[in-house]
Amino acid sequence: MNILVTGGAGFIGSNFVRWLKKNAPEHRVVNVDALTYAGNLENLSDIPQDEGYRFVRADIRDRAKMNEIFFENDITHVVNFAAESHVDRSIVDPELFLSTNVLGTQALLDTAKQQWKLAPEDKYSRAFREGVKFLQVSTDEVYGALGKEGFFTEATPLAPNSPYSAAKASADLVCRAYHETFGMPLNITRCSNNYGPYQFPEKLIPLMIHNCMEGKPLPVYGDGMQIRDWLHVDDHCSALYAVLTRGAAGEVYNIGGNNERANLDIVRLIIRSLGAGDELISYVKDRPGHDRRYAIDNTKITTQLGWSPSYTFEEGIQQTIAWYQNHMEWLEHVLSGAYADYYERMYAPFFQ
Ligand SMILES: NC(=O)c1ccc[n+]([C@@H]2O[C@H](COP(=O)([O-])OP(=O)(O)OC[C@H]3O[C@@H](n4cnc5c(N)ncnc54)[C@H](O)[C@@H]3O)[C@@H](O)[C@H]2O)c1
């Protein structure tokens, strides 16, 4: 497979590139990322650029560039991670989220359709090249919030509550339409909250670990009883690979590890693991539209594709805390903004 990974300098995308290099090194990977504030090439500093891996700085909304990349690399598979991903930021600037997450996805779908359809000019033809696939990496947030009971299944109606989740849900619907109308071979995955190495420290777990290590206040939204279903990022990566290689065309797969935790319990666990005290907890005004509970029913992917998570939460969170403790330099570069210079330092020589 020649796999185009978009958003591969972000948290999950960079873990996915590393996962592929370790577990399926026979595939060629082209990583396309615009390097927004969330894209950090230091996440991949241990992966050499060679025959099997190439990084290109580009925006997925740039259709001419996407066409060129597809053509030059004979792309056979797309795994689309590229997105604006932080709910708080979507409350401040919804338009950017719609532009990147919806129109960016559509630009990629059009490129794939143009390159993979056997008769691209024939609007009635649904024939695509053998063995190609588009994988849209989506989120359980598209389903909205749950009460105390119940789980999201793939049949749960979409009811997004934030501009972020509305943009992700919209992209899912555009993907669905490209499958129904054009016969585009694709899958959509909807995963629960991820944690693990290389997560930008604006998100709950790395933020709390960092602040706790520095003895700074730990800001907890509202009463802290929002429940999320946590999955280690490596388990998300193995699930994505299962769907990419074995998912039935047009299907949606939920991904989750049956690991429901309240935010406050996670914060307390981090405090205990780092030997700090509860006095660091600082309750702050809740974010508007904050969903109360998410929980995934993973029956479809476990029974139909034989996938299951390999980490228990207890193992995964301890490994993650240790990773951040051992990567203080990475954290400091991200927090100081120094990581943004990395691209210039590493790649400028190639462009001279
Ligand atoms: N983090 C989670 O818990 C979670 C859970 C389920 C699904 N997801 C989905 O997984 C994907 C990746 O999430 P993440 O947490 O790694 O996000 P992230 O913010 O860490 O990474 C996003 C990456 O996309 C890049 N990007 C943004 N706009 C771009 C554009 N226009 N063109 C090219 N690249 C662009 C950024 O530079 C960044 O490297 C997202 O689509 C998100 O919706 C995330």
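Let's start where α2 meets α4. Arg 63, Met 66, Asn 67, Phe 70 and Phe 71 come from α2, and they meet Ala 107, Leu 108, Asp 110, Thr 111, Gln 114 and Gln 115 in α4. Contact here means that the C-beta atoms of two residues, placed from the backbone, lie within 7 Å. By class, this contact has five nonpolar, four polar and two charged residues. On classes: Ala, Val, Leu, Ile, Met, Phe, Trp, Tyr, Cys and Pro count as nonpolar, Asp, Glu, Lys and Arg as charged, and the others, Gly among them, as polar.

Two notes on what you are looking at. This is a predicted model, where local features need pLDDT of at least 70 and side-chain atom pairs count only at pLDDT 80 or more, while totals for chains, interfaces and linings use all residues. Residues are numbered from 1 along each chain as its sequence is written.

Back to the helices. α2 covers residues 63-73 and α4 covers residues 94-116. Helices (H or I, at least four residues) and strands (E, at least two) are DSSP runs, numbered from the N terminus. The pair packs at an angle of about 40°, with the axes 10 Å apart. Axes are lines fitted to C-alpha atoms, for helices over the stretch in contact, and angles run from 0 to 180 degrees between N-to-C directions. α2 and α4 are therefore oblique to each other. The cut-offs: under 35 degrees is roughly parallel, over 145 roughly antiparallel, 65 to 115 roughly perpendicular, and the rest oblique. The crossing of α2 past α4 is right-handed.

Next, α6, residues 204-214. Which residues of α8 does α6 meet? Asn 263, Ile 266, Val 267, Ile 270 and Ile 271, and the α6 side brings Leu 204, Ile 205, Met 208, Ile 209 and Cys 212. The axes of α6 and α8 (residues 263-273) come within 10 Å and cross at roughly 35°. This crossing is right-handed.

α6 also packs on α10, residues 313-326, with axes within 10 Å and a crossing of roughly 55°. So α6 and α10 are oblique to each other. Here Ile 205, Pro 206, Ile 209, His 210 and Met 213 in α6 meet Thr 320, Ile 321, Tyr 324 and Gln 325 in α10. That contact has six nonpolar, three polar and no charged residues.

Now the sheet. Three strands form an open sheet in the order β7-β9-β11, with mixed pairing. Two strands pair if DSSP finds at least two bridges between them. β7 and β11 (260-262) stand at the edges with a single partner strand each, so one side of each has no neighbour in the sheet. The twist averages 50° from one strand to the next. β7 and β9 (residues 227-232) run parallel, joined by three bridges. Asn 194 stands opposite Leu 231 in β9. Helix α7 (residues 233-246) lies across β7 and β9, at about 70° to β9.

Definitions and conventions: Left-handed = near helix turned anticlockwise from the far one by under 90°.
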